[in-house]
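Student: Hi! Could we talk through this structure together?
Tutor: Happy to, here it is.

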Amino acid sequence: MAEKLENILALLDKYYPPETAEEWDRVGLIVGDPQAEITKIGFAVDPCQSTVEEALDKQAQLLITHHPLYLRGTSSVAATNAKGRWVTQLIRGGCALFAAHTNADAAPDGSATALANLLELQNQRPLVPYVNSAIGLGKIGDLPMSMSVREVAERLKALLPPTPAGITIGGDAERIVKRVALSPGSGDSFLAAVRESEADVYITADLRHHPATDHLWDGGCPLIGLTHFASEWPLLPALQKRIAENFAVETYISILQTDPWSMRI
């Protein structure tokens, strides 16, 4: 059954309001005609060659991604570079592109909640709450049963899509964990908030050397490092659920690994 793209956009803006996105972010419709008819929707973390080709091969008319195509703006979408080629392919293939990024991170069912729910965290609350709001970025919660940092990492390995870079641990792998702090995506800017939360472990991605070592040397909790892609992938089923609850369209979730790291030696 076909649905107008404008109706799908209205639903996405309702659950993931663009005004809750960070000031630097670029969310919303990137490619497409709001009057287009949509019968199939794909979900992916990244808009890139593989996910664009997958959407076109599957004959989707809409690709919803977590990451925007352009964060820093552009003056051209000519097919003389990678992103311009993807825009050209999408337009020729009749496939729209939409991004829900930090507005989806902050949502009640957003990326942090999705990752927290994988671990069945209880008493969930934002790690970095917005001023005068119950929403925010990241999550703090309690495991239903205490386990070691190593066991938390092993559980994540079983629940998340595999990536060549794998999962890393910083600090005491045998420390017992009850309270978990997490932030999908790049999260080392929240290390101060993690210390204040008195979490037993912090799960995030893209940890840089100096912030991570300073945190650990100063007595901070152990760290579990995921890849950016893997940490945010759990959002996709949440996005799919919102669409399926409201529209009778076909959907799929991409399992293509889109981290830049393709091999570990």
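Tutor: A term to start with: helices (H or I, at least four residues) and strands (E, at least two) are DSSP runs, numbered from the N terminus. By that naming, D214 sits in helix α8 (residues 209–217). This is a predicted model, where local features need pLDDT of at least 70, side-chain atom pairs count only at pLDDT 80 or more, and totals for chains, interfaces and linings use all residues. Residues are numbered from 1 along each chain as its sequence is written, and side-chain values use heavy atoms, with hydrogens and water left out.

Student: Is D214 buried, exposed or partly exposed?
Tutor: D214 is partly exposed, with a relative accessible area of 41%. Buried means under 20% relative accessible area, exposed over 50%, and partly exposed in between (1.4 Å probe, protein chains only).

Student: And how far apart are D214 and I169?
Tutor: They are 45 residues apart in sequence, and their C-alpha atoms are 15 Å apart in space.

Student: Switching topic, how many helices and strands does the protein chain have?
Tutor: Ten helices and 15 strands. The radius of gyration is 19 Å, close to the 18 Å that the globule rule gives for 265 residues, so the chain is as compact as a globular protein of that length. That radius is taken over C-alpha atoms, and the rule is 2.2 Å times the number of residues to the power 0.38.

Student: What share of the residues is buried?
Tutor: Of the 265 residues, 51% count as buried.

Student: Now helix packing: at what angle do α2 and α3 pack?
Tutor: Helix α2 (residues 49–57) and helix α3 (residues 82–93) pack at about 5°, with their axes 10 Å apart. Axes are lines fitted to C-alpha atoms, for helices over the stretch in contact, and angles run from 0 to 180 degrees between N-to-C directions. That makes α2 roughly parallel to α3. Angles under 35 degrees count as roughly parallel, over 145 as roughly antiparallel, 65 to 115 as roughly perpendicular and the rest as oblique.

Student: Which residues make that contact?
Tutor: Q49, V52, E53 and L56 of α2 meet W86, Q89, L90 and G93 of α3, where contact means heavy atoms within 4.5 Å.

Student: What about α1 and α10?
Tutor: The axes of α1 (residues 5–15) and α10 (residues 235–246) come within 11 Å and cross at roughly 125°, and the two helices are therefore oblique to each other. On the α1 side the contact uses I8, L11, L12 and Y15, and on the α10 side R242, I243 and N246.
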